[in-house]
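Subject: A structure for you to look at

Hi there,

Here is the structure I promised to pass on. Please open it next to this email, and then read on for what was found in it.

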There are 2 protein chains.
Amino acid sequence: MTRKEQVHQEAKLLFKEKGYIGSSMRDLANNIGIEASSLYNHVKSKEELLQNICFDLADQFLKAIQEVNAQKYANASDWIRHAMLNHLKVVADNLEASAVFLNEWRFLSGDAMDKYLDFRKTYGGMYRTAIRNGVEKNEFRKDLNPNLAAINILSTMNWTSNWYQENGKENIEDISKQFFDLILKGIKA
Amino acid sequence: MTRKEQVHQEAKLLFKEKGYIGSSMRDLANNIGIEASSLYNHVKSKEELLQNICFDLADQFLKAIQEVNAQKYANASDWIRHAMLNHLKVVADNLEASAVFLNEWRFLSGDAMDKYLDFRKTYGGMYRTAIRNGVEKNEFRKDLNPNLAAINILSTMNWTSNWYQENGKENIEDISKQFFDLILKGIKA
DNA sequence: CCTACCGATCGGTAGG
DNA sequence: CCTACCGATCGGTAGG
């Protein structure tokens, strides 16, 4: 790992733990074992670190969902099952970045913020569309509000970075399957 | 509204918008129209503001769920339906405080943090227990993981403060009913 | 990658 | 509720 990669890696841990504003460049430098001023040989500004974390992850979420779209599933259920699995795999592989992505994006400035919100809107839109398709094909309940159904899915997936820890007890494929069953069939016997 | 109440009210708005660390006492004073030093006639410290926001809301969540427990429902479904409704009503009535409660609690210090985490654990535990009861009575699927089912409910409710706005279009009772149907029956036709 | 430093801002206090 | 101020810390730069 180059020093530059190390700086970006350490920033994820620090921003998750203390928040973006609560993390100082001196904290970050200290965790690496150099002086704060030396960070600027690897990074233009503090915000560049935040932008990299957010947009690297957005790219991963996008690739994960494009893989699903490429399958051209006939059933909306299949699309959702696969999309949830791929999303949760990205979260599980990037727990710190996921927490930063969700909690610190509001400190992005100007264009970066716009770009970020665009991504979130587009990404959520794909779930809403999948659900609407499922309703039209009578695959899903016709009294469904696609907006709220999408929020149910996205909320649960987003929250995952707050509690999931790779500890060998449960793997993310199992969790994804169980969440999908909850979304599809609910808890009722 | 007394000045003291005004300070606490303004703190909710500011902490939600800029985060706890990102909000300065000078910002807060400026929004009210006084000098920063004058705030300390009404408040002991910045953290006292955060503690009040978090624990006032925790009290409201607790009262809301105690009302549900007092009903002594025979069905787990009824308990969950009513608990969700009461929880979401508190969120809808306290949108700013709810966002602060969820996003800024990590800046609580020492005992306050412990007390906060205790509350979250106890509160989540009541949902897990309700779900386990429902499974035992064959009201819910017996292959259910009560932990993940509770996370599904709590995630969706927690996320509400991020998107819900009282704008006359949808009232929280409708939303609560639709979320409950999603939790109970899922999206499947 | 470091030393030395900049102007700005922070939470909070003294004293009236 | 204000003026005046404290020591600490912030992101970042100059120059080597």
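Let's start with a term: contact means heavy atoms within 4.5 Å. By that rule, 42 residues of chain A and 42 residues of chain B take part in the contact between the chains.

Before going further, a word on the source. This is a predicted model, in which local features need pLDDT of at least 70 and side-chain atom pairs count only at pLDDT 80 or more, while totals for chains, interfaces and linings use all residues. Residues are numbered from 1 along each chain as its sequence is written, chains are lettered from A and ligands numbered from 1 in the order in which they are written, and side-chain values use heavy atoms, with hydrogens and water left out.

**Where the two chains meet**

The size of an interface is often given as the accessible area lost when the parts come together. Buried area here is the accessible area (1.4 Å probe) that two parts lose on being put together, summed over both. For chain A and chain B that comes to about 3,700 Å², with 60% of it on carbon and sulfur atoms. On the side of chain A, the residues that lose the most area to chain B are A:Arg141, A:Trp159 and A:Ile187, together 22% of what that side buries.

How many salt bridges (a side-chain nitrogen of Lys or Arg within 4 Å of a carboxyl oxygen of Asp or Glu) are there between chain A and chain B? The count is two. You can find a salt bridge between the side chains of B:Glu104 and A:Arg106, at 2.7 Å from N to O.

Which helix gives the most to the side of chain A that touches chain B? That is H7(A), with nine residues. Helices (H or I, at least four residues) and strands (E, at least two) are DSSP runs, numbered from the N terminus.

**The DNA strands**

A residue is near a strand if one of its heavy atoms lies within 4 Å of it. DNA strand C has 15 residues around it, and A:Arg3, A:Glu35, A:Ser38, A:Asn41 and B:Arg26 come nearest. Look at B:Arg26 in particular: a polar atom of its side chain lies 2.7 Å from a base nitrogen of DNA strand C.

The side chain of A:Arg26 has an N or O atom 2.8 Å from a base nitrogen of DNA strand D. Phosphate oxygens come in too: one is 3.4 Å from an N or O atom in the side chain of B:Arg3, and one is 3.1 Å from such an atom in the side chain of B:His42.

**Two loop residues**

A:Lys72 is not a glycine, yet has a positive phi of about 50 degrees. Find A:Lys72 in the loop between helix H3 (46-69) and helix H4 (76-93) of chain A. Is A:Lys72 buried or exposed? A:Lys72 counts as exposed because its relative accessibility is 71%; buried means under 20% relative accessible area, exposed over 50%, and partly exposed in between (1.4 Å probe, protein chains only).

B:Asn138, not a glycine either, has a positive phi of about 60 degrees. B:Asn138 sits in the loop between helix H6 (110-136) and helix H7 (146-163) of chain B.

Happy exploring!

Definitions and conventions:
A polar contact is a pair of N or O atoms within 3.5 Å; within protein, one must be able to donate a hydrogen and the other to accept it, and residues adjacent in sequence count only if both atoms are side-chain atoms.
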